[in-house]
Amino acid sequence: MWQYRELVWNLTATDLKNRYQNTALGFFWSLLSPLLLALVLYFIFRHLWGRELDFAINLLVGIMAWRFFANGTSSSLRTIVGKASLVTRVYIPRQILVLSNTLANIISSLLEFIVLLPILFVLLGYLPVTVLMFPLIHLIYFWFIYGAGLLLSSLFVYFRDLNQIWQVVTQVLFFCSPIIYPLSMIPDYLMPYYLLNPVTQFIIMYRDVMVAGNLPSLFSTAVVISFAIAAYLVGSLVFSKLQRRFAEEI
Amino acid sequence: MSAIIVDNISKKFRIPHEKKNTVFQNIVGLIKRQFDYEELWALKDVSFEVNKGEALGIIGRNGSGKSTLLKIMARVLYPNSGSISLNGKVASFLQLGVGFQPELTAKENVYIYSSILGLRRKQVDRVYDDILDFAELKKFENMKLKNFSSGMNLRLAFSTAIHAVPDTLLIDEVFAVGDEAFRKKCQDKMSQFKTEGKTIVFVSHALESVKELCQRSMLLNEGRIVTMGDTEKVINDYRAMLQGHQ
C-alpha cells in the first residue's frame, strides 16, 4: 500500500475538492451546517428544556463524534461502485478507494472538531489538558470506520439496496448512543448490552478527554482498540474475498 | 527472459437467469428457489509466454475471450484457475483517461491519471510540460475538464498515458478512436515503444495494425488458443476460419 501513497493522497484531495467545489466558500459552507446543527441543539436543550450546561456541552461533542461515523460509513458505500472505471479498467489495490474516502472524511471531521474547540473553551471557561489525547482516539476511531467502510463498500457491490438498510441501521444506532440523552439514563440491567455499541464507547472517550478532563482508563482504551481491530479484520477479510469479482459485478 | 508468463488459465462467468443484486431480490429468489444460472467458459486452459521486448497481437472474433484474457493480465479480473506472472511495471490501457475528474483542471487531472498509472509526483513534474505540449493543450492547462471537447479530452489522456513509461503495455482497442491524424500518432508512438524495447500486448480487430506492430500473434476462439506464431500465418488462419463460418 505504501508505494501507492501518492495515489491515495490524490484521490483524497480529489474527493475533498469535489466536496468543497474547489472554493474556500464551499469549505466554509460545509463547516456551517454541523455548526448550526450543534448550536440549534444546544439552544433547544439548554434554554428550551433547561438542561444543565454539562449536558449541552456533551451533546456538542457527541454530535461531532457521531457525524464522523455516520458520514464516514454512509459515504463509503459507493466508493467501489461509484468509481467503476478505477475497478474495471486499471489495476490498483481497491482498498485504496475506501481508504481515501475515509481519509477525506477524517479531514472533514478534524475541521469540525477544530471549530468545536473554541466553542468548548467559551462554554467551559477552560480546556482540559487531556484534550491532547484527542488525536489518538480519533486515529483509533478512524481505523474502526475504515474497517466498517471496507465491509460496507464490498457488500454494496452485490447488494445495491444496502444503502437503504444502512440508513435505517444508523438511525437506530443514533438513538442507541448517548448523544441526545445522558448515559446515566440507561437502567443498570440494560447497560452491559448498551455498551456493546462501539460508537457509545468512542463518544464516552471523547467526552472524557474533551470535557471532563479524565484520562481514559486502560480498560476502555483496550475496548475501543479491540473494536477497531475487529472491524478492520472483518472488513479486510470480506473485502479481499469479494473484490475478486468486483469487475464482473459492477 | 519472459515479461509475461500465463500458465493454464481458465475463466468462468456465471450468468444468472435472473440477476439478483439487492438483499430483497435475494430473499425473493430464496423463497421462489430460483438459483438457475448458465456457465460460460470465457477462457479454457490458456498458456503462453511473452518475451521481453516483444509485441504480441491477440485476434479473434467477438466473444472469443480476447478482452477477458487482457483483463486477467491487467489483474482486473481473477482467473478461476491457473496463474499469471508479470515482470516489471505493467500499465494497462483498457480505456484512456481512467479516473478523469470533470470538475478539476487539466493540470490536476494529468497528475491524478499519472499516479493511477504508477508515476510519482516528481516524475510527473519532469514530463509535465512534454505532456501538455504533445497534447497541444498548454493554453488550457487551468481549464476544467468538463469544458473540454471530447477531442481535447482524448488528446490529454493519450499524451498522459504515453508518458507513463511502463515496461509492459497492455492495449485494448483504445487507440482505435479519434480521427485519422490521431490514429497515425498512436501508431507512431507504439512503433517507437517497440524500438525502445518495451513489451506490448495488443488486442485488436484492425488486422493491418496488428500486422504492422506484432511479429507474433495469437488466435483465440471460444476461449482457447487456436494458433500462435508468425502474425502473417495467424491472420491467414483467422481469415480462413471466418470464411469457414459463412
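This tour moves through a predicted model, selecting one region after another.

**Chain B as a whole**

Begin by selecting chain B, whose C-alpha trace spans about 60 × 50 × 35 Å along its principal axes. Eight helices and nine strands are found in chain B. Of the 246 residues in this chain, 39% are buried. Among the contacts in chain B with a separation of 6 or more, 72% are between residues 24 or more positions apart.

Next, colour chain B by domain. Domain 1 takes in residues 2-88 + 167-245, and domain 2 takes in residues 98-165. Between the C-alpha centres of these two domains of chain B the distance is 27 Å.

In soluble globular proteins, nonpolar side chains tend to be buried together.

Keep Ile58(B) selected and show its surroundings. Leaving aside residues up to four places away in sequence, Ile58(B) touches Lys66(B), Leu69(B), Val201(B), Phe202(B), Val203(B), Ser217(B), Met218(B) and Leu220(B).

Now select strand E6 of chain B, residues 168-171. Thr168(B) and Leu170(B) point one way from this strand, while Leu169(B) and Ile171(B) point the other way. All four of these residues are buried.

Which residue of E7(B) is the bridge partner of Leu169(B)? The partner in E7(B) is Ile200(B).

**Helix H6 of chain B**

Select residues 180-195 of chain B to display helix H6, which has 16 residues. From its first C-alpha to its last, H6(B) reaches 23 Å, close to the 22 Å expected at 1.5 Å a residue. Just after this helix, Gly197(B) takes a positive phi of about 85°.

**An antiparallel hairpin in chain B**

Move to strand E8 (residues 216-221) and strand E9 (residues 224-230) of chain B, which run antiparallel and are joined by six bridges. Asn221(B) stands opposite Arg224(B) in E9(B). The hairpin has two residues between the strands, and in it Glu222(B) takes a positive phi near 50°. Glu222(B) is a residue other than glycine, and its place is in the loop between E8 and E9 of chain B. Is Glu222(B) buried, exposed or partly exposed? Because 14 other C-beta atoms lie within 10 Å of it, Glu222(B) is partly exposed.

For a further positive phi, select Asp45(B), a residue other than glycine with phi near 50°. Asp45(B) lies in strand E2 of chain B, residues 37-51. It has 14 C-beta neighbours inside 10 Å and therefore counts as partly exposed.

**Where the chains touch**

Display both chains together. Here 23 residues of chain A are in contact with 25 residues of chain B. On the chain A side, helices H1 (5-19), H4 (84-88), H7 (162-175) and H11 (246-249) each supply at least two residues. The largest share of this side, six residues, comes from H1(A). By type, the residues of chain A that touch chain B divide into ten nonpolar, six polar and seven charged.

**Two stops in chain A**

Select residues 95-124 of chain A to show helix H5, which has 30 residues. H5(A) reaches 41 Å from its first C-alpha to its last, close to the 44 Å expected at 1.5 Å a residue. Just after H5(A) comes Gly125(A), with a positive phi of about 90°.

Finally, select Ser217(A), in the loop between helix H9 (198-212) and helix H10 (218-242) of chain A. Why does Ser217(A) count as exposed? It has 11 C-beta neighbours inside 10 Å, and a residue is exposed if that number is 12 or fewer. Select Met205(A) as well: Ser217(A) and Met205(A) are twelve residues apart in sequence, and their C-alpha atoms are 9.1 Å apart in space.

Technical notes: Residues numbered from 1 in each chain as written. Chains lettered and ligands numbered in written order. Predicted model: local features only at pLDDT ≥ 70, side-chain atom pairs only at ≥ 80, totals over all residues. Contact = placed C-beta atoms within 7 Å. Helix = DSSP H or I, 4+ residues; strand = E, 2+ residues; numbered from the N terminus. Nonpolar A, V, L, I, M, F, W, Y, C, P; charged D, E, K, R; others polar. Expected span 1.5 Å × (residues − 1). Pairing = 2+ DSSP bridges. Buried ≥ 20, exposed ≤ 12 C-beta atoms within 10 Å, placed from the backbone. Domains from an automatic or database assignment.
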